[in-house]
Amino acid sequence: MSEPWLSADDIAEHLGVTKDTIYAWISEKGMPAHKVGRLWKFQASEVDDWVRRGDAGSPD
């Protein structure tokens, strides 16, 4: 069974941050995200790996 795609709201809740933080991380820190039309979609496993690598906390 494949992993479900999550919305910006879903991934923000998963990480315990705001949706604005998610959008900032996409543009400023290279958070793994996939644009589908006008929407950003996320795979929790990709985002979790990105966080574990320390990329979310890296300086701008």
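How many of the 60 residues of the protein count as buried? The share is 28%, where buried means under 20% relative accessible area, exposed over 50% and partly exposed in between, with a 1.4 Å probe and protein chains only.

A word on ground rules. This is a predicted model, so local features need pLDDT of at least 70 and side-chain atom pairs count only at pLDDT 80 or more, while totals for chains, interfaces and linings use all residues. Residues are numbered from 1 along each chain as its sequence is written, and side-chain values use heavy atoms, with hydrogens and water left out.

**Overall layout**

You get three helices and two strands here, in the order α-α-β-β-α along the sequence. Helices (H or I, at least four residues) and strands (E, at least two) are DSSP runs, numbered from the N terminus. The radius of gyration is 11 Å, close to the 10 Å that the globule rule gives for 60 residues, so the protein is as compact as a globular protein of that length. That radius is taken over C-alpha atoms, and the rule is 2.2 Å times the number of residues to the power 0.38. Along the principal axes, the C-alpha atoms fill a box of roughly 35 × 25 × 20 Å. As for contacts (heavy atoms within 4.5 Å), residues 24 or more positions apart account for 49% of those with a separation of 6 or more.

**The core**

In soluble globular proteins, nonpolar side chains tend to be buried together. The largest nonpolar core here has 13 residues, and Ile11, Ile22, Met31 and Phe42 touch the most other members. Such a core is a set of buried Ala, Val, Leu, Ile, Met, Phe, Trp, Tyr and Cys residues joined through side-chain atoms within 4.5 Å. Helix H1 (8–15), helix H2 (19–29) and helix H3 (44–52) are the elements that give two or more residues to this core. Take Phe42: leaving aside neighbours within four places in sequence, its contacts include Pro4, Trp5, Ile11, Ile22, Met31 and Val47.

**H1 against H2**

The axes of H1 and H2 come within 8 Å and cross at roughly 100 degrees. These axes are lines fitted to C-alpha atoms, for helices over the stretch in contact, with angles running from 0 to 180 degrees between N-to-C directions. H1 is therefore roughly perpendicular to H2, a label that covers 65 to 115 degrees (under 35 is roughly parallel, over 145 roughly antiparallel, the rest oblique). On the H1 side, Ala8, Asp9, Ile11, Ala12 and Leu15 make the contact, and on the H2 side Lys19, Ile22, Tyr23 and Trp25 do. By class, that is seven nonpolar, no polar and two charged residues. Ala, Val, Leu, Ile, Met, Phe, Trp, Tyr, Cys and Pro count as nonpolar, Asp, Glu, Lys and Arg as charged, and the others, Gly among them, as polar.

| Residue | Helix | Relative accessible area |
|---|---|---|
| Alanine 12 | H1 | 5% |
| Alanine 44 | H3 | 15% |
| Tryptophan 50 | H3 | 1% |

Leaving aside residues up to four places away in sequence, alanine 12 is in contact with Val17, Thr18, Lys19 and Ile22. Eleven residues separate alanine 12 from tyrosine 23 in sequence, and their C-alpha atoms are 9.7 Å apart.

With that same exclusion of residues up to four places away, alanine 44 touches Glu3, Leu6, Ile11 and His14. Alanine 44 and histidine 14 are 30 residues apart along the chain, with 8.2 Å between their C-alpha atoms.

Tryptophan 50 has among its contacts Trp25, Met31, Pro32 and Ala56, again not counting residues up to four places away. Its C-alpha atom is 7.3 Å from that of proline 32, 18 residues apart along the chain.
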